[in-house]
Amino acid sequence: MKKITLEDLKNALEKSWSRETSSDPNTWTPENPAWGQCAVTTCLVQDYFGGNLIREAVNEPGVSSHYWNQLPDGTEIDLTKDQFPKEEG
């Protein structure tokens, strides 16, 4: 049996994101498929790879917090970071 990689999981999750899986379906769009997907995505990453969940307050309309992962080796990964506008600077 093939061991799942982070890239495999990322690809599968991105294909599964939809309005129905978003925590904010009224704001979700096909152009921003990661919108509202962070909580469940981080839980699945943790299930497969272990580590910790990180939560931070977010100052975005309709969003109170954002989640991402810290893997057991300390690496932080955020598979849903693209839901937010890129910071300029």
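Leaving aside its neighbours within four places in sequence, which residues is Gln-83 in contact with?

Modeller: The model is predicted, so local features need pLDDT of at least 70 and side-chain atom pairs count only at pLDDT 80 or more, while totals for chains, interfaces and linings use all residues. Residues are numbered from 1 along each chain as its sequence is written, and side-chain values use heavy atoms, with hydrogens and water left out.

Apart from its neighbours within four places in sequence, Gln-83 is in contact (heavy atoms within 4.5 Å) with Asn-32, Ala-34, Trp-35, Gly-36, Cys-38 and His-66. Gln-83 is placed in the segment after β3 (76-77); helices (H or I, at least four residues) and strands (E, at least two) are DSSP runs, numbered from the N terminus. With a relative accessible area of 5%, Gln-83 is buried; buried means under 20% relative accessible area, exposed over 50%, and partly exposed in between, for a 1.4 Å probe and protein chains only. From C-alpha to C-alpha, Gln-83 and Cys-38 are 9.0 Å apart in space, although 45 residues apart in sequence.

The segment after β3 also holds Thr-80, which is buried at a relative accessible area of 1%. Not counting residues up to four places away in sequence, Thr-80 touches Trp-17, Ala-34, Gln-37, Cys-38, Thr-41, His-66 and Tyr-67.

Ser-65 lies in strand β2 (residues 63-70) and counts as buried at 13% relative accessibility. Ala-34 belongs to the largest nonpolar core, whose eight residues are Leu-9, Leu-13, Trp-17, Ala-34, Val-45, Leu-71, Ile-77 and Leu-79. Such a core is a set of buried Ala, Val, Leu, Ile, Met, Phe, Trp, Tyr and Cys residues joined through side-chain atoms within 4.5 Å. In soluble globular proteins, nonpolar side chains tend to be buried together.

Two helices complete the picture. The axes of α1 (residues 6-16) and α2 (residues 38-49) come within 11 Å and cross at roughly 150°; axes are lines fitted to C-alpha atoms, for helices over the stretch in contact, and angles run from 0 to 180 degrees between N-to-C directions. This angle makes α1 roughly antiparallel to α2, where angles under 35 degrees count as roughly parallel, over 145 as roughly antiparallel, 65 to 115 as roughly perpendicular and the rest as oblique. Leu-6, Leu-9 and Leu-13 of α1 meet Thr-41, Leu-44, Val-45, Tyr-48 and Phe-49 of α2. By class, this contact of α1 with α2 has seven nonpolar, one polar and no charged residues; Ala, Val, Leu, Ile, Met, Phe, Trp, Tyr, Cys and Pro count as nonpolar, Asp, Glu, Lys and Arg as charged, and the others, Gly among them, as polar.

Thr-42 lies in helix α2 and is buried, with a relative accessible area of 3%. Beyond its neighbours within four places in sequence, Thr-42 is in contact with Leu-53, Tyr-67, Trp-68 and Asn-69.
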